[in-house]
Amino acid sequence: MKLKTTLRCLLAGAALGMTGLSAHAQDKTLTLCWAAWDPANALVELSKDFTAKTGINMKYEFVPWPNFAQRMLNELNSKGKLCDLLIGDSQWIGSAATEGHYIKLNEFFDRNGIKMGDFMPATVEGYSTWPKGSKNYWALPAMGDAVAFTYRKDWFARPELRAEFKQKFNRDLAPPTTWDEFRQVAQFFQNRNVDGKKVYGAALYTERGSEGITMGVTNTLYAYGFDYQNPAKAYDMKGFVNSPGAVKGLKLYKELYDTVTPPGHSNAYMTENLDAYKSGQVAMQMNFIAFFPGISKDPAVGGEKTGFFPIPKGDKHFAQLGGQGISVVKYSDKKDMALEYLKWFAQPTVQKKWWDSGGFTCHQQILNAPGFDKSTPYAKVFLDSMKIVKDFWAEPSYAQLLLAMQNRVHDYVVAGKGTPNAALDALVKDWSEVFKEDGKVK
């Protein structure tokens, strides 16, 4: 009797084990987390090739941009298992690396012949490395991006507008290459009637709640000398964050907000700018290049109606970096399969298809191929922009640093509080307090 009972237990255990193995075998599914936008839809289509090749199914958790950071950072901080792969913003890399949310990829890259030298240097530095300047890799560059502009090419081509502009400014109406030219063009279109409708100069980033106004204002700050810190002394910010040139750049952004944006454009980021442009309200639109494929195809403003140009220059020429790397989440139970996805995604053939489908490859073999700059109407702007990118802090405390900047510049630019000098002086104090709390400055 005891033997029979034991045998029954063993058989039952074996059956349970087989059930577990069967369930495990069937659970060949990865969940990839990212923001909800057009490039994510392109990645869904691209990843069908991965499933066909490997038998690994893909699920997706796409979160709208306004909620993306909070949702994903909460997931990481709670050590959740929702995401096997995460395409996270460049600013997260410091906290994700130091707090152990991502797995380090150096050995995996070496073992599989994935060379970071094959990817655009700015994207490796921006999306993959921590500490900055090191060769510690926590992500594969996935989605190259930067802030640039679209413009109404059809409006710029109108003979009557061209003649009026030429008479007023003694130069042709053309996409601006400097911030002075940008101001002229935007003010020229402000409150003008086009096809019986009042239009405005430009849609700029002004959003306060997440990162919007910072992603916009940095472009004029960089242009006149703003830097995050002394290149010779880490976290030494006085005279760099609040330099005379930085003050000039901040003052210019406020002037543009006051004189060239549509009414009520006081809390605008990616979606609001797209809406303003697609609805025919503005002559020019600031936005991430990732949205340019969709604009090119838009029935209202696409095709020959729209052109593209990089961020204008001032005394210097820099554009705000966007984009993301793809990482394997440490808390995933499917790290091996997730790494298999990275190995597949890194292939040049896949990267070529990624570009062709509306994604933005960082792979130099694709970017340097003959004819790439003419492969789409925005390809050259993408290439030129990625050569001049600069990024926000990627420190583990980036969220506090970002919140401080959002508040200080929005209060000045949009709310009209104080002076540009006072705003940047206060920002230096805010950031110094954060780094004191981190033990990085005394």
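A residue counts as buried when its relative accessible area is under 20%. That cut-off applies here to a predicted model.

**Helix H17**
- Helix H17 spans residues 379-386 and is mostly covered.
- Six of the eight residues in H17 are buried.
- The buried residues of H17 are Ala379, Val381, Phe382, Leu383, Ser385 and Met386.

**Serine 243**
- Serine 243 lies in the loop between helix H10 (212-223) and helix H11 (244-260).
- The relative accessible area of serine 243 is 8%, so this residue falls under the 20% cut-off and is buried.
- Setting aside neighbours within four places in sequence, serine 243 is in contact with Gly225 and Phe226.

**Largest cavity**
- The model holds two cavities of 30 Å³ or more.
- The largest cavity has a volume of about 110 Å³.
- Its lining has 15 residues, and the closest to the centre are Asp89, Glu211, Phe288, Gly322 and Gln324.
- By class, the lining of the largest cavity has seven nonpolar, five polar and three charged residues.

**Second largest cavity**
- The second largest cavity has a volume of about 40 Å³.
- Its lining is made up of Gly88, Asp89, Ser90, Trp92, Ile93, Tyr102, Tyr127, Ala139, Gly325 and Ser327.
- Strand S3 (85-89) and strand S11 (324-328) are the elements that each give two or more residues to the lining of the second largest cavity.
- Five nonpolar, four polar and one charged residues form the lining of the second largest cavity.

Definitions and conventions. Residues numbered from 1 in each chain as written. Predicted model: local features only at pLDDT ≥ 70, side-chain atom pairs only at ≥ 80, totals over all residues. Heavy atoms only, no water. Buried < 20%, exposed > 50% of the residue type's maximum accessible area, 1.4 Å probe, protein only. Helix = DSSP H or I, 4+ residues; strand = E, 2+ residues; numbered from the N terminus. Contact = heavy atoms within 4.5 Å. 1 Å grid on protein atoms, 1.4 Å probe; cavity = no way out; pocket = protein on both sides within 12 Å on 5 of 7 lines; lining within 4 Å. Points joined across faces, edges and corners; volume = space filled by probe spheres on them. Nonpolar A, V, L, I, M, F, W, Y, C, P; charged D, E, K, R; others polar.
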